[in-house]
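Please keep the sequence and the model at hand.

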Amino acid sequence: MLLTVSGPPGAGKSTTAETLAEAFDLEHISGGDIFRQLAAERGMTAVEFNKLAEEDGQIDRDLDRRLRSIALERDDVLLESRLAGWLAGDAADVRLWLDAPLDVRATRIADREEKSVERAREETAARARSEALRYQEYYNIDITDLAIYDVTLNTARWSQSDVPDILKAAVDAYDPAEDEGKFPVEGVEYDF
């Protein structure tokens, strides 16, 4: 099985992905973890590294190529990243998108990173704008187009423990024999 979990920063991707990976006995691969590791190796914050990625497109492409290769070549994986659904494409069995209002996400990020909510909100909004432009430029991906996702969920509406339960129920209920067709991933230029 290949599951993807995507969504903006602070939506609850990592927490949910860990729980889902354990529930379905899948290896959890996190693009965010890899990105933060690369930033730390250069002595930078994720925000600073994101700014560098605006100037050096190879940073995104290297990470995305790695994630796409994992999606196409490995089995029993849960791939978690902003673009996981797009990068896995039609290889994914189930593509999940998690989201929450910006103020909720900023509060979560502020708590996690011990910074003010206002600063987290500004950084998160700036990061979203930056990433959206790069995804469009690099791959012809409109990150706001959620049509490819099988399930989209506002994680602000349910508790942290309920969100994985809701998604587990959806994945458990999925029956390939009853599947009438997923939305195809079209128009993406995998130019790594």
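UniProt positions are given in the numbering used here, feature names are shortened, and annotations may be inferred rather than shown by experiment. The model is predicted, with local features needing pLDDT of at least 70 and side-chain atom pairs counting only at pLDDT 80 or more, while totals for chains, interfaces and linings use all residues. Residues are numbered from 1 along each chain as its sequence is written, and side-chain values use heavy atoms, leaving out hydrogens and water.

**Annotated site**
- The annotation "binding site", from an unreviewed UniProt entry, covers Gly7, Pro8, Pro9, Gly10, Ala11, Gly12, Lys13, Ser14 and Thr15.
- Of these residues, Pro9, Gly10, Ala11, Gly12, Lys13, Ser14 and Thr15 are included in the lining of the largest pocket (a pocket is an open set of points on a 1 Å grid over the protein atoms alone, where a 1.4 Å probe fits, with protein on both sides within 12 Å along at least five of seven lines; lining residues have an atom within 4 Å of a point).

**Pro8 and Pro9**
- Pro8 has a relative accessible area of 12% and is therefore buried (under 20% relative accessible area, 1.4 Å probe, protein chains only).
- Pro9, at 7% relative accessibility, also counts as buried.
- Leaving aside neighbours within four places in sequence, Pro8 is in contact (heavy atoms within 4.5 Å) with Lys13, Arg82, Trp97, Leu98, Asp99 and Arg105.
- With residues up to four places away not counted, Pro9 touches Arg82, Arg105, Ile109, Thr124 and Arg127.

**Strands**
- Strands are DSSP runs of E with at least two residues, numbered from the N terminus, and two strands pair if DSSP finds at least two bridges between them.
- Strand E1 (residues 2-6) runs parallel to E3, joined by four bridges, and Leu2 has Val77 as its bridge partner in E3.

Notes
Buried means under 20% relative accessible area, exposed over 50%, partly exposed in between (1.4 Å probe, protein chains only).
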